[in-house]
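Dear colleague,

I am handing over a structure for you to look at, and below it I have set out what was found in it. Please keep the sequence and the 3D view open beside this message while you read.

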Amino acid sequence: MVSFSGGLLFPIAPPRDASTARFAALNWQPAPVRARGVTVRLLALVATLAASIACGLTFAEPAPTESQAPSAADTGPPGSPADATDTRDSGDARGAGDSGDAGNAADAADADARDAADAADAADAAGSVLWPLSGSAMPDADEVRAAYGPRFIGRYDFHAGVDLPAPEGTRVGAIMAGTVIRATPWDGSSTAGNSVLVAHSDRRFTAYLHLSAIAVSLGDVLPAGGLVGTVGRTGATYSHLHLTYMRDLPGTTSDERKSRNPLEVLPHGPEAAPVATFDPMGVELDLASQVMTIQSVTLVGAGVTRTVNYADIVATGSIARDAPIQFGVAFGATGPIAGRYTVSLAFDPAIGVATDQITLTTFDGRTLLTASR
Ligand SMILES: [Zn+2]
């Protein structure tokens, strides 16, 4: 079983970097001796690939970045967050309506049960989401060094989680109540390091990477704030927690194609509308690392419009999402430095149109910025 899941990884996510290693690592679990030998060989192969890529791309760079590297950053989120959410929400709405009908009793009963469970989940989530390091429900309680989304780590990279710097040994708590569905000791090579995957009650999942020590076992039930492990730098170049937030994982393996911005659930303040500076072809945004709520960007120029949703970027997979050109838009990034970083946007050079207007929309559907040249 173990080797089976590891084998599946390759066709789905070609051995790109850490994320591949991470997938493999997250798949690993103590298994019968026979299966284990196969797994170890697979891991060794993945680790070798990851190490060779990571060394070139990441470890060459200076410390400030996650070094996190490309790898760490990618814990891979799932498909389109928006899609997952939308599906569920519309289902719930329909269910609520059905429950009032005499029509289909069986359907209504099912819907009622599901709605009740969802409501309880929502109440849980709303009442007790804590930042993992401080254990606080106050907005922005933990420092975010690298936000979800575009960033620079010696090259352009789409970060599928948030990085929270802290001294080694700092306590890491689950951000919501949940059950440990994977606890993976570091194999010495993967960029995930020691990692833990927690399933929450409403199809939400969180992964905690680079731990110096794991404090839980498979099946452990944790309250919000329950000890997961301690901050470390396993698989990373400096001591920090990489937190990945995912929705609707199909199994018990982390998948960054399902990742979403952790700030969708973590308590946070409002993101200030960024300053947009237009250059001859595109626009540059000055952003704060701490609060980044952008979900989609829209560029308009010379009658051409392109909208890119971050959910669609991560859904392309851990390798493809790091390509700077996505759905007709060319991305770039610098920083972070002193809590700020920049993201540059322009039409794909193949389109050859200058950007005259930009609109930024947040994950809760608000327009964060509309600016014109
Ligand atoms: Zn990271």
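What pLDDT does the protein chain average, and what share of the residues score at least 70? The average for the protein chain is 76, and 66% of the residues reach a score of at least 70, where pLDDT is the predictor's confidence in each residue, from 0 to 100. Please bear in mind that this is a predicted model, in which local features need a pLDDT of at least 70 and side-chain atom pairs count only at pLDDT 80 or more, while totals for chains, interfaces and linings use all residues. Residues are numbered from 1 along each chain as its sequence is written. Over residues 1-120 the pLDDT stays under 50, and for this stretch the model has 239 contacts beyond four places in sequence, two residues being in contact if their C-beta atoms, placed from the backbone, lie within 7 Å.

Overall picture

The protein chain holds seven helices and 21 strands; these are DSSP runs numbered from the N terminus, helices being H or I with at least four residues and strands being E with at least two. Of its 373 residues, 49% are buried. Here a residue is buried if 20 or more other C-beta atoms lie within 10 Å of its own, exposed if 12 or fewer, and partly exposed in between, with the C-beta atoms placed from the backbone. Among contacts between residues at least 6 apart in sequence, 67% join residues at least 24 apart.

The nonpolar core

In soluble globular proteins, nonpolar side chains tend to be buried together. The largest nonpolar core in this model has 66 residues, of which V196, V198, Y208, L241 and L345 touch the most other members; such a core is a set of buried Ala, Val, Leu, Ile, Met, Phe, Trp, Tyr and Cys residues joined through C-beta atoms within 7 Å. Because domain 2 (149-264) and domain 3 (275-372) both give residues to this core, it lies between them, the domain bounds coming from an automatic or database domain assignment. Once neighbours within four places in sequence are left aside, the contacts of L345 include V283, V297, L299, F331 and I358.

Strand β19 and its partners

Six of the eight residues of β19 (340-347) are buried, so this strand is largely enclosed by the rest of the structure. Strand β14 (residues 283-288) is joined to β19 by six bridges in the antiparallel sense, with A288 opposite R340; two strands count as paired if DSSP finds at least two bridges between them. Strand β18 (residues 329-337) also runs antiparallel to β19, through seven bridges, and G332 stands opposite S344 there. β18 and β19 form a hairpin with two residues between them.

Most residues other than glycine have a negative phi, and most peptide bonds are trans. In the turn of that hairpin, A338 has a positive phi of about 50°, and this residue counts as exposed because 7 other C-beta atoms lie within 10 Å. H210, in strand β7 (residues 204-211), is not a glycine either, yet has a positive phi of about 70°. Is H210 buried or exposed? H210 is buried, with 30 other C-beta atoms within 10 Å. The peptide bond from G335 to P336 is cis, with omega near 10°, and P336 lies in β18.

Two open sheets

Three strands form an open antiparallel sheet in the order β4-β10-β8. Since β4 (171-173) and β8 (213-214) stand at the edges with a single partner strand each, one side of each is left without a neighbour in the sheet. Two bridges link β8 to β10 (residues 227-230), and A213 has T230 as its bridge partner.

Strand β20 (residues 357-362) is joined to β21 by five bridges, and T361 stands opposite T367 in β21.

L368 is also found in β21 (residues 367-372), and it counts as partly exposed because 19 C-beta neighbours lie inside 10 Å. L368 and P274 are 94 residues apart in sequence, while their C-alpha atoms are 8.2 Å apart in space.

With kind regards
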